[in-house]
Amino acid sequence: MKFTKLLFMAFVMIVMTSLAPTRASVVGGWGIEEKAACIVTDLMSCLPAILKGSQPPAYCCEMLKEQQSCLCGYIKTPAFGHYVIPKNAHKLLAACGIPYPKC
């Protein structure tokens, strides 16, 4: 339990000290390129599902779907990658109906 709290606190500190939000390109329905905001703090509701393997809340899935184009960027960022790679992250994405990205 203490390890989970420590891991959560470390995650929050990393998120709060990270650089400005990044942007990912998304092609909209009319073939127009749109920019999706990659704001990792919007995914805080997903943290219990990643740490414990529990069922994600609906809000978590909504945010993941909005930021689906950002997932490869999160995986490649050392501060966040270790949260996205474990098996619980795979379970989380599957529960939300999102395929694990091939980066």
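1. In this predicted model, the largest nonpolar core holds 18 residues, and among these Leu-64, Tyr-74 and Leu-92 touch the most other members. The elements giving two or more residues to this core are helix H2 (47–52), H3, helix H4 (71–76) and H6, and the most come from H3, which gives four residues.

2. Leu-92 deserves a separate look: setting aside its neighbours within four places in sequence, Leu-92 is in contact with Cys-46, Ala-49, Ile-50, Pro-56, Cys-60 and Leu-64. Leu-92 is also one of the buried residues of helix H6 (residues 87–95), the others being Asn-88, Ala-89 and Leu-93. After H6 comes Gly-97, which has a positive phi, near 75 degrees.

3. As to confidence, the protein chain has a mean pLDDT of 74, with 63% of its residues reaching 70 or more. Within the chain, confidence is highest in helix H3 (residues 58–66), at a mean of 95, and lowest in strand S1 (residues 22–27), where the mean is 46.

4. Two stretches call for care in reading. The pLDDT is below 50 over residues 16–33, a stretch that has 29 contacts in the model beyond near neighbours in sequence. Over residues 6–10 the pLDDT likewise stays under 50, and for these residues the model has six contacts beyond four places in sequence. Where pLDDT is low, the predicted coordinates should not be read in detail.

Methods
Residues numbered from 1 in each chain as written. Predicted model: local features only at pLDDT ≥ 70, side-chain atom pairs only at ≥ 80, totals over all residues. Heavy atoms only, no water. Buried < 20%, exposed > 50% of the residue type's maximum accessible area, 1.4 Å probe, protein only. pLDDT = per-residue confidence, 0-100. Contact = heavy atoms within 4.5 Å. Core = buried A, V, L, I, M, F, W, Y, C linked by side-chain atoms within 4.5 Å.
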